[in-house]
Every structure is written in C-alpha cells, then in structure tokens.
Amino acid sequence: MSDQGSLRSTLHQRGMRMTPQRQLVLDAVRELGHATPEQVCREVQGTASTVNITTVYRALDLLEELGLVRHTHLGHGAPTYSVEEHEHVHLACHRCGEIDEVPTETLDALAEQLRRERGFELDATHLALSGVCRNCRATEVG
C-alpha cells in the first residue's frame, strides 16, 4: 500500500479525514530528512502557500501520534522531525550547529551497561548527543 493510502487508512480507522495538508506535511518531512516545524512549513508553502505554521504543528502532532514521524531535540530551540524508520544517533555540534549521524549500534555497549546495572532500556533511535565536531576542534588546535 502506498504511503498516502496507508495514512488515509490509518486516519479513517480513527474516524479522521485525510487532508491535503496532512499529506503535504508528511511528504515534506520525508523530503527534508530532518526538519524543524518552520522548515516543514516553508517546504509545504512551496506547494500550498495558504498553509500556516499552526496547521503544520497540528499535523506533526497527529503524525507523531500515529507513529509516522518522531521528533528529537538536537539542541536549543524547536524539535527536529524525521520519519519513524529514520533511526540513528544524532551528533550535534553546539558551536557550529552541524548535525552528524552514527548508527544506533554505536551505543550498544552503553545500552548493555545501562540494562545490566540500572535495568534501564535505552532507546538510541531517539537520541542526540551534544559536543564539538571535528571541524570546530581543528580550528581550536590550529
């Protein structure tokens, strides 16, 4: 089933309507990879200029409730949204704002230690680590 058909079916099962705005927001998140609500809004307005930020926030909340998108806080400010199957750990440079990605398996040893010592189950698919990127560190040394 297509993404549009799947979204339409899920909404229908919950007694909700499929709207063009909801589909445009989902399409924008998929297209952008990682995006703040403001970036999603700009992308959507490229197709539908009358869509406002409130509509985008409502659509993102609903899409997250449906399990189609998820948000991560990559630093200060607005959350960043990506599609649900987009799983990796974000590395956010707090100097330049660069966002890098590493596989979730990078944290397997830490996850196992937390499970063993604390009984805590880490969800590394919804995680951002803050630090200083390679480029910023190089300019410090040089």
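Is E140 buried, partly exposed or exposed? E140 is partly exposed, at 48% relative accessibility.

**Figure 1. Overview of the predicted model.** The protein contains six helices and five strands. Their order along the sequence is α-α-α-α-β-β-β-β-α-β-α. Along the principal axes, the C-alpha atoms occupy a box of roughly 50 × 40 × 25 Å. The chain has 142 residues, and 32% of them count as buried. Among contacts with a separation of 6 or more, 47% come from residues 24 or more positions apart.

**Figure 2. Close-up of helix 3 against helix 4.** Helix 3 covers residues 37–45 and helix 4 covers residues 53–65. Their axes approach within 9 Å and cross at roughly 115°. Helix 3 is therefore roughly perpendicular to helix 4. The crossing of helix 3 past helix 4 is right-handed. On the helix 3 side the contact is made by P37, E38, V40 and C41, and on the helix 4 side by I53, V56, Y57 and L60. Sorted by class, this contact has seven nonpolar residues, no polar ones and one charged residue.

**Figure 3. Close-up of helix 2 against helix 4.** The axes of helix 2 and helix 4 lie 9 Å apart, and the packing angle is about 75°. Helix 2 is thus roughly perpendicular to helix 4. Helix 2 contributes Q21, R22, V25, L26 and V29 to the contact, while helix 4 contributes T55, V56, A59, L60, L62 and L63. By class, eight residues of this contact are nonpolar, two are polar and one is charged.

Figure 4. E43 has a relative accessibility of 35%, so E43 counts as partly exposed. With neighbours within four places in sequence left aside, E43 is in contact with A28, E31 and L32. The C-alpha atoms of E43 and T104 are 28 Å apart, and the two residues are separated by 61 residues along the chain.

**Figure 5. The salt bridge between R14 and E65.** The whole structure holds six salt bridges. In the pair formed by R14 and E65, the closest N and O atoms are 3.0 Å apart. R14 sits in the loop between helix 1 (3–13) and helix 2 (20–32), and E65 is in helix 4; this pair links distant parts of the chain, 51 residues apart. R14 is partly exposed, with 44% relative accessibility. E65 is exposed, its relative accessible area being 52%.

**Figure 6. The salt bridge between R95 and E140.** The side chains of R95 and E140 meet with an N to O distance of 1.9 Å. Because R95 belongs to the loop between strand 3 (89–93) and strand 4 (99–102) and E140 to helix 6 (residues 134–141), the pair ties together parts that are 45 residues apart in sequence. R95 counts as partly exposed at 48% relative accessibility. E140 also has a value of 48% and counts as partly exposed.

**Figure 7. The salt bridge between E112 and R116 in helix 5.** The closest N and O atoms of E112 and R116 are 3.9 Å apart. Helix 5 spans residues 108–118, and E112 and R116 are four residues apart within helix 5, so about one helical turn separates them. E112 is partly exposed at 36% relative accessibility, whereas R116 is exposed at 55%. Through salt bridges that share partners, E112, R115, R116 and E121 form one network.

Figure 8. Not counting residues up to four places away in sequence, T72 touches P79, T80, H90, H126, L127 and A128.

Notes
Residues are numbered from 1 along each chain as its sequence is written. This is a predicted model: local features need pLDDT of at least 70, side-chain atom pairs count only at pLDDT 80 or more; totals for chains, interfaces and linings use all residues. Side-chain values use heavy atoms; hydrogens and water are left out. Axes are lines fitted to C-alpha atoms, for helices over the stretch in contact, and angles run from 0 to 180 degrees between N-to-C directions. Helices (H or I, at least four residues) and strands (E, at least two) are DSSP runs, numbered from the N terminus. Angles under 35 degrees count as roughly parallel, over 145 as roughly antiparallel, 65 to 115 as roughly perpendicular and the rest as oblique. A crossing is left-handed if the near helix is turned anticlockwise from the far one by less than a right angle, and right-handed if clockwise. Contact means heavy atoms within 4.5 Å. Ala, Val, Leu, Ile, Met, Phe, Trp, Tyr, Cys and Pro count as nonpolar, Asp, Glu, Lys and Arg as charged, and the others, Gly among them, as polar. A salt bridge is a side-chain nitrogen of Lys or Arg within 4 Å of a carboxyl oxygen of Asp or Glu. Buried means under 20% relative accessible area, exposed over 50%, partly exposed in between (1.4 Å probe, protein chains only).
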